[in-house]
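Welcome! Take a look at it first, and then we will go through its parts together.

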Amino acid sequence: MKNPLGSLLSFLGLKKKSPRSELPEGFCSRFSLAQIEAATNNFHPLSIIGKGAFGTVYKGTLHDGTIVAIKRLMSSSYGGRGELKNEVRLLCQLRHPHLVSLIGFCVEGPEMVVVLEYMSRGSLADFLFGIGKDHVPLSWKHRLHICIGAARGLHYLLSGAKHAVFHCDIKSSKMLLDEEWCCKLSDFGLSKLGPSTMSSKALIRMETRITGTYGYMAPEYAFLLFGRPQYDSTLPEEKQNLLVWAMESLREGTIHHAIDPYLKGRIAPECLNKYLEIASRCVHPKGNERPAMGEVEVTLELAMELQGRADSEMESIYPSGEFMYEEASFSAFIRNFAGLDSLYYSEFGSGLSDSDSNNVENELSS
Ligand SMILES: Nc1ncnc2c1ncn2[C@@H]1O[C@H](COP(=O)(O)OP(=O)(O)OP(=O)(O)O)[C@@H](O)[C@H]1O
């Protein structure tokens, strides 16, 4: 039986580490290779549920019947070993309903394996781009529910844990869905810890600078509404970059043509206004003009409430449930916002000026 205090001390770097204590036993289970092989039927190809750059993911069943996802590092992946260890070290300290839970790990000889909570509906990317076996178009409410879950997970990472955690690789393939369509963030191999206290403005600037992502997961919000990837080279040039095209369509009042056809007539105008308002603020070219993650979360929840209220009103008029919403006329805020020079949005840089970057450096070193 491991001593949890010893594990905690060595994990925090306060105790000399032996090679075996490189990973934080005591915070999660350490499995033997035999247990992992038994769980995956010897890594049977039929147990494979996905593949990433660093290895293969299997569906497995532990001896107590728990169904889990088992991520096995490819033996040739040296960089992946560091990432998987980073993921274990970070995930074992984080617990939240919108983060995929770490169950344990196995390090034996060349084998390195991470055991994670199983997310039965796979990734959001699988769904949006029709990769999943049982692909069905997602309803607007499901999509909003997913956005809210992702926003809650990110909000927790940035301000709910002792140190801010910068995921650094947020995209739809890292957003996994459980049976109830609850969205949980996964894959913390590239994540970085920030200082323990940071203002929300500094967090926004830091997130942008460290991750290089443009407006948190704004492209993912756009995916959900438009049902297409951020870049699509098969489309005419003016439509290839989703954010540029969306801003242009908003400015010209033609956004309804850009929305995923499956969603046409199903989004209440007041809900769409709220959603576009927050999504467009998230992609503001200046990092310090973007909303804090808490505000994103609350605004998406409000959008969901507006949709719910509008649906109830419509259902009282059309009990059969067969109704279509009129096209939204957009609020002055959105029209003005989209009126910004859309060329801004073709520059997917950090959005930080030199003085912004210096401020962030100062904040981190203080
Ligand atoms: N916990 C899980 N539950 C269910 N399926 C999972 C789980 N983790 C990963 N998967 C599946 O395995 C696939 C590969 O996951 P993985 O994290 O290895 O790579 P990725 O995020 O798709 O890509 P990369 O790591 O190369 O950027 C995912 O897209 C998903 O379909």
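## A hairpin to start with

Strands β3 and β4 form a hairpin with five residues between them, and Gly65 in the turn has a positive phi of about 95°. Helices (H or I, at least four residues) and strands (E, at least two) are DSSP runs, numbered from the N terminus. This is a predicted model, in which local features need pLDDT of at least 70 and side-chain atom pairs count only at pLDDT 80 or more, while totals for chains, interfaces and linings use all residues. Residues are numbered from 1 along each chain as its sequence is written, and side-chain values use heavy atoms, with hydrogens and water left out.

One of the bridges links Gly55 to its partner in β4, Leu73.

## The sheet around it

Where does the hairpin belong? β3 and β4 are part of an open sheet of six strands, ordered β1-β5-β6-β4-β3-β2, with mixed pairing. Two strands count as paired if DSSP finds at least two bridges between them. At the edges stand β1 (29–30) and β2 (48–52), each with a single partner strand, so one side of each is left without a neighbour in the sheet.

β2 pairs with β3 (residues 55–61) in the antiparallel sense, over four bridges. β2 and β3 also form a hairpin, with two residues between them, and Ile48 has Tyr58 in β3 as its bridge partner. Further along the sheet, β4 (residues 67–73) and β6 (residues 111–117) pair in the antiparallel sense over five bridges. Here Ile70 stands opposite Val115 in β6, and Arg72 has Val113 as its bridge partner in that strand. Five of the seven residues of β4 are buried, so this strand is largely enclosed by the rest of the structure. Buried means under 20% relative accessible area, exposed means over 50%, and partly exposed lies in between (1.4 Å probe, protein chains only).

## The nonpolar cores

In soluble globular proteins, nonpolar side chains tend to be buried together. A nonpolar core is a set of buried Ala, Val, Leu, Ile, Met, Phe, Trp, Tyr and Cys residues joined through side-chain atoms within 4.5 Å. Which members of the largest core touch the most others? Of its 77 residues, they are Leu94, Leu157, Leu185, Leu225 and Leu300. Helix α5 (residues 140–160) gives the most to this core, with 11 residues. The core draws at least three residues from each of domain 1 (4–117) and domain 2 (124–365); the domain bounds come from an automatic or database domain assignment.

Apart from this core lies another, of 12 residues, among them Phe31, Phe43, Tyr58 and Val113. Tyr58 is the bridge partner of Ile48, and Val113 is the partner of Arg72.

## An enclosed helix and some buried residues

Helix α9 (residues 242–252) has eight of its 11 residues buried, so it is largely enclosed by the rest of the structure. Its buried residues include Leu242, Trp245, Met247 and Leu250. After α9 comes Gly253, whose phi is positive, near 75°.

Most residues other than glycine have a negative phi, and most peptide bonds are trans. Asn41 has a positive phi of about 55° although it is not a glycine, and it is found in the loop between α2 (33–39) and β2. Trp181 also has a positive phi, near 65°. Trp181 is in the loop between β8 (175–177) and β9 (183–185) and is buried, with a relative accessible area of 11%.

Ala125, in helix α4 (residues 124–128), is buried too, with a relative accessible area of 11%. Ala125 and Ser172 are 47 residues apart in sequence and 4.8 Å apart in space, C-alpha to C-alpha.

## The second largest pocket

What lines the second largest pocket? There are 13 lining residues, of which Arg266, Gln307, Asp311, Phe323 and Tyr325 lie nearest its centre. α12 (293–317) and α5 each supply at least two residues of the lining, and the largest share, three residues, comes from α12.

Note on methods: On a 1 Å grid over the protein atoms alone, a cavity is a set of points where a 1.4 Å probe fits but cannot get out, and a pocket is an open set with protein on both sides within 12 Å along at least five of seven lines; lining residues have an atom within 4 Å of a point.
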